[in-house]
Amino acid sequence: MSFASILGHQQAIQGLQSTVQRDRVSHAYLFSGPDGIGKRRLALAFTKLLNCEQPTETLDSCGLCRACVQIQEERHPDVHSLEPDGKFIKIDAVREMCRKLRFKPIAGRWRVILIHNAETLHEAAANALLKTLEEPTPGNIFLLMSSQAHSLLATIRSRCQHVRCTTLPADVVTQWLIDERDVEPASAAKAAAMSWGSIGYAERLTDPVLMALRTRWLNFLRDAIALTPPDLLEWAEEFAKEKENIPEILDTLRLAFRDIIIRSATGSTAHCAFPVLVETLPQLRVGNALQAIQTVDQAELAIQQNVNSRLTAEHLLLTIRDALKSEPIHAIIR
């Protein structure tokens with residue numbers, strides 16, 4: 001993993017290289033941006049450059065020296081990772097890490113602490129980390145990664161150099177799927193268009209199991225108007241059983257109503273994620289479709305807050321059915 005192997009993020013890469021070139025490396029960096037766009041890869045490439053024994057003339061890691069190999073294989077004695085244990089990064093893990101900071105790095109120039117999903121820091125853990133960031137010790141660098149940087153303590157954010165990672169162009173995502181995952185070009189382009197610039201999400205979109213799941217829930221939308229209350233309860237039970245795939249289901253529903261808005265506004269399905277499906281759905285008023293999307297967003301928040309998924313699904317699916325049964329746009333125009 002090197003800067004040269006990373007797609008996009010050239011501005012962020014140049015900024016990181018500049019800090020190394022000028023010997024102005026900060027004690028803490030916050031890599032922020034949506035999931036699946038390469039924050040981890042970027043942080044790992046920076047970690048390699050910091051400890052590379054033979055950096056290239058282009059300010060990149062060589063990938064061949066002992067340090068680069070050990071970092072790639074996750075066995076370098078001065079590179080440590082903190083990740084959620086369950087839902088949170090806990091205070092004991094932060095305290096244990098901070099104890100190591102009293103000593104000089106063992107083998108490299110820098111000791112690097114990678115904090116993945118930094119927004120999951122427990123309140124006590126976040127405060128313990130803040131104390132360390134306020135009183136940095138030489139030779140130690142914290143690299144925080146987060147898709148929800150706004151959820152971090154403002155005082156933590158203020159003590160980090162902010163590295164903003166933006167979404168990737170659709171053509172870049174398309175080419176990656178073709179080259180790295182051997183996805184057929186048309187399917188790759190379709191997934192890239194739906195991926196919001198995230199390679200991670202595009203990869204999920206081309207997963208056969210998840211493709212079948214999306215088809216299943218698109219069929220629900222197609223048949224929703226005719227479903228009886230007992231039918232909806234069965235669908236809600238199926239929703240609750242999915243657990244790990246609930247975000248995928250919600251994204252599918254959200255995209256479908258987005259398609260309805262696009263079709264109603266333009267009269268075309270050219271830019272729709274599910275052009276075949278949207279032809280079978282009512283041309284709703286934009287307000288009704290937006291209300292359905294808002295309900296999906298509310299359901300997503302409820303699931304994140306551990307509200308009962310079965311009850312959440314019942315309310316969501318009933319609201320969706322009612323939205324689809326509302327007066328279609330062509331009837332309003334008449």
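Here are a few friendly notes on this predicted model, from the whole chain down to single residues.

1. Overall make-up. The protein chain has 16 helices and five strands. Its C-alpha trace spans about 75 × 40 × 30 Å along the principal axes. Of its 334 residues, 47% count as buried. Among contacts with a separation of 6 or more, 71% join residues 24 or more positions apart.

2. The largest nonpolar core. This core has 53 residues, and Phe220, Leu221, Phe257 and Leu316 have the most contacts inside it. Helix α12 (residues 246-266) gives the most to it, with 10 residues. Apart from this core lies another, of 25 residues, including Ile37, Leu114, Leu143 and Val163. As general background, nonpolar side chains tend to be buried together in soluble globular proteins.

3. A closer look at Phe220. Once its neighbours within four places in sequence are left aside, Phe220 is in contact with Leu227, Leu232, Trp235, Leu253, Leu317 and Ile320. Two of these partners, Leu317 and Ile320, turn up again in the next point, as residues of α15 that meet α10.

4. The α10 and α15 pair. Helix α10 (residues 208-223) packs with helix α15 (residues 309-325) at an angle of about 50°, and their axes are 9 Å apart. That angle makes α10 oblique to α15. From α10 come Trp217, Phe220 and Leu221, which meet Leu317, Ile320 and Leu324 of α15. By class, this contact has six nonpolar residues, with no polar and no charged ones.

5. Buried residues in α5 are Ala125, Ala126, Ala128, Leu129, Leu130, Thr132 and Leu133. These buried residues pack against strands β1 (28-32), β3 (111-115) and β4 (140-146), and against helices α4 (91-100) and α6 (154-158).

6. Thr120, in the loop ahead. Where does Thr120 sit? Its place is in the loop between β3 and α5. Is Thr120 buried or exposed? With a relative accessible area of 16%, Thr120 is buried, because buried means under 20%. Leaving aside neighbours within four places in sequence, Thr120 is in contact with Pro84, Lys87, Phe88 and Ile89.

Methods: Residues numbered from 1 in each chain as written. Predicted model: local features only at pLDDT ≥ 70, side-chain atom pairs only at ≥ 80, totals over all residues. Heavy atoms only, no water. Axes fitted to C-alpha atoms, helices over the stretch in contact; angles between N-to-C directions. Helix = DSSP H or I, 4+ residues; strand = E, 2+ residues; numbered from the N terminus. Parallel < 35°, antiparallel > 145°, perpendicular 65-115°, else oblique. Contact = heavy atoms within 4.5 Å. Nonpolar A, V, L, I, M, F, W, Y, C, P; charged D, E, K, R; others polar. Buried < 20%, exposed > 50% of the residue type's maximum accessible area, 1.4 Å probe, protein only. Core = buried A, V, L, I, M, F, W, Y, C linked by side-chain atoms within 4.5 Å.
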